[in-house]
Amino acid sequence: MVFTSLNFLLFFPLLAIVYYITPGKFRWITLLVASYFFYINIKPAFALLVSGVTLSTYIFTRLIDKAGTESGKKTLMVINIVLILLPLFFFKYFAVINNGILSLLDSYKVRWPLPEIKLLLPVGISFYTFMAIGYTVDVSNEEIKSEKNIGIVALFLSFFPLILSGPIERANNMLPQFKKQINIDFALITQGVKLMLWGYFMKLVVADRIGIYVDAVYGNIGQHNGTSLVLASMLYSIQLYADFGGYSLIAIGTAKILGIDVMQNFKRPFFATSMSEFWRRWHISLISWLTDYVYTPLSFTFRRFNIWGIVFAIMITFLISGIWHGAGLTFIIWGLIQGSFLSIEALTNKRRTLFQTKHNLNKRIWYIVLSCIVTFVLFSASMVFGRAKDLNDALMVYSKIFSGIIHIPYRDGYTMLYSFIGFTILMLKEFRDEYYPDHFLLFENKNVIIRWLSYYAVIFMILYFGVFGQEKFIYFQY
Amino acid sequence: MDEKSIMPELEQVFRKVFNNESLIISREMSANDVDGWNSLNHMILVSEVEKAFSIRLKLKDLNKMHNVGDMIDIILSKL
């Protein structure tokens, strides 16, 4: 069941009613049953994997709590992390590695006795595995106590708003919320509905419309010129933001309606003035997870190497981020490019800050606008590796872009016009939120007429400009 | 050693790391209050604190440092 499916629009209101009718202390059971129903609805076998990860994590976190020594805790932590990473590696990387070896041997005319493997990636596995690892590490570091009720742990790892693509939540935020008595709060429900509505706008009006253009160009790179590829690559960054940002808002809104507070996943990334700022605004739940469980321990271990220890930690962190996204070479390169951007910024940090302060650049509009554009272009350029289907395609995109000839880009008037309208509305809202958060209010306006008019306007745009029938989000593949 | 005796030295470390000669630290001060106190400079700060007080911190200590006050308590516990 996907957020944009009709099934979900029937399932969710019904669930919300049953949830609030259920007596307070049993509500978690309603949520747990609903979450498994939601996930089984995608593919029943996938539920076995999440329950396996849950069982292992439950047993080991309980054991960690009981272990007397620090080394005992660490050993149990490592065993659980290895165990729960096995299914992720098997489904996500085994086939790619196996097929890679096969084709390598094939090119040297050596035959391999194993058949080529094609496995269906269990959607959400990368997300709930990371949540389970985070929980295990937190228990091992004695930052939280292990949860005694296996049902609560099962709900944490299968909570339906988050299971498909996050946000990658933390146990210390979620477990207490599932356990406490939640009273119906209409203000929260209204906020949740507004978040969902805007999420649907981002996904159906902006992302899926732009996606038509991007798919047309990237689906047939050989037939398109460099200018079309520049345009499609820039548009892909916007599509990805609107798709994943939209998904995240629907997830956060859904949870909010159920009285559960979930962390923000995007914070207007296209207003970032540097790549390091960009990564504090983009897929925040993944980056903060990587910061806490990979970057901090690594940079701490290598701190005596000063800035070079930090650079090493940044590179490894983004390499893992790349591998997390996919097993192919393109994602490894993508991760290393992000790591290089951030390393360069880290190495020049002091000098840049001094220069900016000396010339008061951070207060100059032209400098801010230019920095936002450069950041956006750098990110879009790196995303060629995220969008192209393999390394050959990615290299072909670059060679066409850098051919030095400006062509007339591929035109699809209707798609481009609707994409432009959707994107402009999205950016106007983001601009307001970034620089004038208390002005020009629409959804939050005190005047009931303006408020309702804006709801209807967004619903109208979704119905009139929205692209229906896709029922998939880009991040389901990760 | 007590809090009063380590404050001037700790302040010097902060001034050096954040390149701000007029920076005055307080127990309640956290990353949000100091320009440039990000995850990058945090590790440099930790490393400089270790050097200045000749102590060795653990990753666990780092997780407990939410503000300058926490940092002072951890330093004092190591001296």
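**Core.** I looked up the largest nonpolar core first, and it has 131 residues. A nonpolar core here is a set of buried Ala, Val, Leu, Ile, Met, Phe, Trp, Tyr and Cys residues joined through C-beta atoms within 7 Å. Buried means 20 or more other C-beta atoms within 10 Å of a residue's own, exposed means 12 or fewer, and partly exposed lies in between, with C-beta atoms placed from the backbone. Tyr128(A), Met131(A), Phe156(A) and Leu157(A) have the most contacts inside this core. Helix H10 (residues 226-257) of chain A gives the largest share, 17 residues. The core lies between domain 1 (11-183) and domain 2 (188-477) of chain A, because both give residues to it.

I note that this is a predicted model: local features need pLDDT of at least 70, side-chain atom pairs count only at pLDDT 80 or more, and totals for chains, interfaces and linings use all residues. Residues are numbered from 1 along each chain as its sequence is written, while chains are lettered from A and ligands numbered from 1 in the order in which they are written.

I listed contacts for Tyr128(A), leaving aside neighbours within four places in sequence: Val50(A), Val53(A), Leu157(A) and Ile163(A). Contact means C-beta atoms, placed from the backbone, within 7 Å. Phe156(A) sits in helix H6 (residues 150-158) of chain A. Helices (H or I, at least four residues) are DSSP runs, numbered from the N terminus. Phe156(A) counts as buried because it has 27 C-beta neighbours inside 10 Å. Not counting residues up to four places away in sequence, Phe156(A) touches Met131(A), Ala171(A), Met174(A), Leu175(A) and Phe178(A). I also checked Arg170(A), 14 residues along the chain from Phe156(A); their C-alpha atoms are separated by 8.9 Å.

**Domains.** I took the bounds of the two domains of chain A from an automatic or database domain assignment. Their centres, taken over C-alpha atoms, are separated by 26 Å. Domain 1 puts 26 residues into the contact and domain 2 puts in 24. On the domain 1 side, H5(A) gives the largest share, 5 residues. By class, that side has 18 nonpolar, 6 polar and 2 charged residues. Ala, Val, Leu, Ile, Met, Phe, Trp, Tyr, Cys and Pro count as nonpolar, Asp, Glu, Lys and Arg as charged, and the others, Gly among them, as polar.

**Helix pair.** I looked at H2 (residues 27-40) and H3 (residues 44-66) of chain A, which pack at about 130 degrees with axes 7 Å apart. Axes are lines fitted to C-alpha atoms, for helices over the stretch in contact, and angles run from 0 to 180 degrees between N-to-C directions. That angle makes H2(A) oblique to H3(A). Oblique is what remains after roughly parallel (under 35 degrees), roughly antiparallel (over 145) and roughly perpendicular (65 to 115). Tyr36(A), Tyr39(A) and Ile40(A) meet Pro44(A), Phe46(A), Ala47(A) and Val50(A).

**Backbone.** I found a cis peptide bond from Gly166(A) to Pro167(A), with omega near 5 degrees. Pro167(A) is in the loop between H7 and H8 of chain A. Glu142(A), not a glycine, has a positive phi near 60 degrees. Glu142(A) is partly exposed, with 13 other C-beta atoms within 10 Å.

Terms used
Helices (H or I, at least four residues) and strands (E, at least two) are DSSP runs, numbered from the N terminus. Two residues are in contact if their C-beta atoms, placed from the backbone, lie within 7 Å.
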